[in-house]
Amino acid sequence: MNPRTMIIGYLLLQAVAMIGWWALLLWLPSSIAWFQPQSWPASTLLSFWLADGIVLIGGSFVCALLVGFKAAQASLALWMLAAAVWYPTLYCIGVSTLTGEAWLAAGLMSCMAGLTLSMATIYGTAAQTPAPFRAVTLKRPAAIAWTCVQVVLFWGVFLWILPMAIRELEQRIGLEAFSHPYQASLTLAVFAMASSLGLWSAWTMATQGAGTPLPTAAASKLVVTGPYRYVRNPMALAGIVQGFSVGWWLGSPSVMAYACAGILVWHYCVRPSEEHDMLVRFGSDYDRYRHSVRLWLPGWQKKPLRKC
């Protein structure tokens with residue numbers, strides 16, 4: 001799919017979905033309790049109608065039009081919309097953190113904020129062609145700093161907020177958490193090992209590749225050292241094991257299934273485009289690498305692969 005078409009499609013879907021969500025709240029007032037702490041009056045959530053209608057719904061439609069007409073202001077408008085979405089998102093996360101409730105709202109807003117930010121990043125600037133993959137060459141401190149920011153954001157959303165939202169949804173439909181002896185210690189050990197692999201991978205990408213794990217700020221050098229010598233996608237592997245261990249710790253079958261679903265999403269939706277981009281940029285070097293190193297199961301390479 002053309003990146004510009006993807007951005008327009010997402011923005012229109014976002015606007016329509018928000019209209020549908022507000023219709024649900026007004027048509028079925030009991031649904032309001034799903035998105036805010038139980039002790040809060042319904043008017044607390046409903047009072048956001050004007051801001052959501054003008055800024056988020058209207059802003060999504062306006063950005064879709066600007067991107068469609070290739071307006072010079074499209075990039076700035078997308079970044080402004082992303083900032084506007086992140087404000088209520090952080091508010092929802094703050095509420096959930098303080099009250100221990102309304103994680104479903106925090107999870108939905110985090111998804112919306114992350115996707116909107118992704119659309120702004122893909123679009124880039126008015127002088128660039130929209131692209132989901134864009135290589136950069138950063139100095140080592142900048143690459144490390146941006147990678148740290150990405151790790152905090154991704155871990156916070158995918159390993160904390162979304163699992164809490166899923167678990168809250170389980171509780172609302174009456175699904176009890178499972179438990180067994182040594183559950184906490186076992187899950188913490190697995191999470192620690194997976195996190196170590198993820199951090200090692202991110203550090204290697206930043207220091208050896210002069211880029212970040214983010215596709216639109218990808219490494220400009222082919223990285224075949226560190227954990228990449230043993231498995232082609234150690235960060236994806238680490239993230240899935242982390243998510244599974246979080247679900248195990250929460251005693252949530254749904255969170256564990258959510259983590260396992262990440263395998264399918266990454267393998268069939270992300271991997272083909274990423275590998276195509278790598279082949280275009282690195283040619284035979286990457287082709288030789290992917291035929292020498294396994295995708296999911298780590299293996300031992302007797303001879304170190306040449307860095308590019």
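**View 1. Helices α7 and α8 run roughly antiparallel to each other.** In this predicted model, the axes of helix α7, which spans residues 183-209, and helix α8, which spans residues 234-250, come within 8 Å and cross at roughly 160°. Angles over 145 degrees count as roughly antiparallel, and the pair α7 and α8 is therefore described in that way. Where the two helices meet, α7 passes α8 in a left-handed crossing. The residues that make up the contact of α7 with α8 divide into 17 nonpolar and 7 polar, with no charged residues among them.

**View 2. Helices α6 and α7 cross in a right-handed manner.** Two packed helices are described by the angle between their axes and the distance between the axes. For α6 and α7, the axes come within 9 Å, and the crossing angle is roughly 150°. These two helices, α6 and α7, are therefore roughly antiparallel to each other.

**View 3. A salt bridge joins the side chains of Glu170 and Arg167.** Side chains of opposite charge can pair when their charged atoms come close. In the pair shown here, Glu170 and Arg167 meet with a distance of 2.7 Å from N to O. Both residues belong to helix α6, which covers residues 140-172, and because they are 3 residues apart in that helix, Glu170 and Arg167 are separated by about one helical turn. A search of the whole structure finds 7 salt bridges.

**View 4. Helices α3 and α4 make a left-handed crossing.** The axes of α3 and α4 come within 9 Å of each other and cross at roughly 160°. It follows that α3 and α4 are roughly antiparallel to each other.

**View 5. The second largest pocket holds about 600 Å³ of space.** The residues closest to the centre of this pocket are Trp21, Ala105, Leu108, Met109 and Met112, out of the 27 residues that line the second largest pocket. By class, the lining of the second largest pocket is made up of 22 nonpolar, 4 polar and 1 charged residues. Rolling a probe the size of a water molecule over the atoms shows where empty space is left.

Definitions and conventions: Residues are numbered from 1 along each chain as its sequence is written. This is a predicted model: local features need pLDDT of at least 70, side-chain atom pairs count only at pLDDT 80 or more; totals for chains, interfaces and linings use all residues. Side-chain values use heavy atoms; hydrogens and water are left out. On a 1 Å grid over the protein atoms alone, a cavity is a set of points where a 1.4 Å probe fits but cannot get out, and a pocket is an open set with protein on both sides within 12 Å along at least five of seven lines; lining residues have an atom within 4 Å of a point. Grid points are joined across faces, edges and corners, and a volume is the space filled by probe spheres set on the points. Ala, Val, Leu, Ile, Met, Phe, Trp, Tyr, Cys and Pro count as nonpolar, Asp, Glu, Lys and Arg as charged, and the others, Gly among them, as polar. Axes are lines fitted to C-alpha atoms, for helices over the stretch in contact, and angles run from 0 to 180 degrees between N-to-C directions. Helices (H or I, at least four residues) and strands (E, at least two) are DSSP runs, numbered from the N terminus. Angles under 35 degrees count as roughly parallel, over 145 as roughly antiparallel, 65 to 115 as roughly perpendicular and the rest as oblique. A crossing is left-handed if the near helix is turned anticlockwise from the far one by less than a right angle, and right-handed if clockwise. A salt bridge is a side-chain nitrogen of Lys or Arg within 4 Å of a carboxyl oxygen of Asp or Glu.
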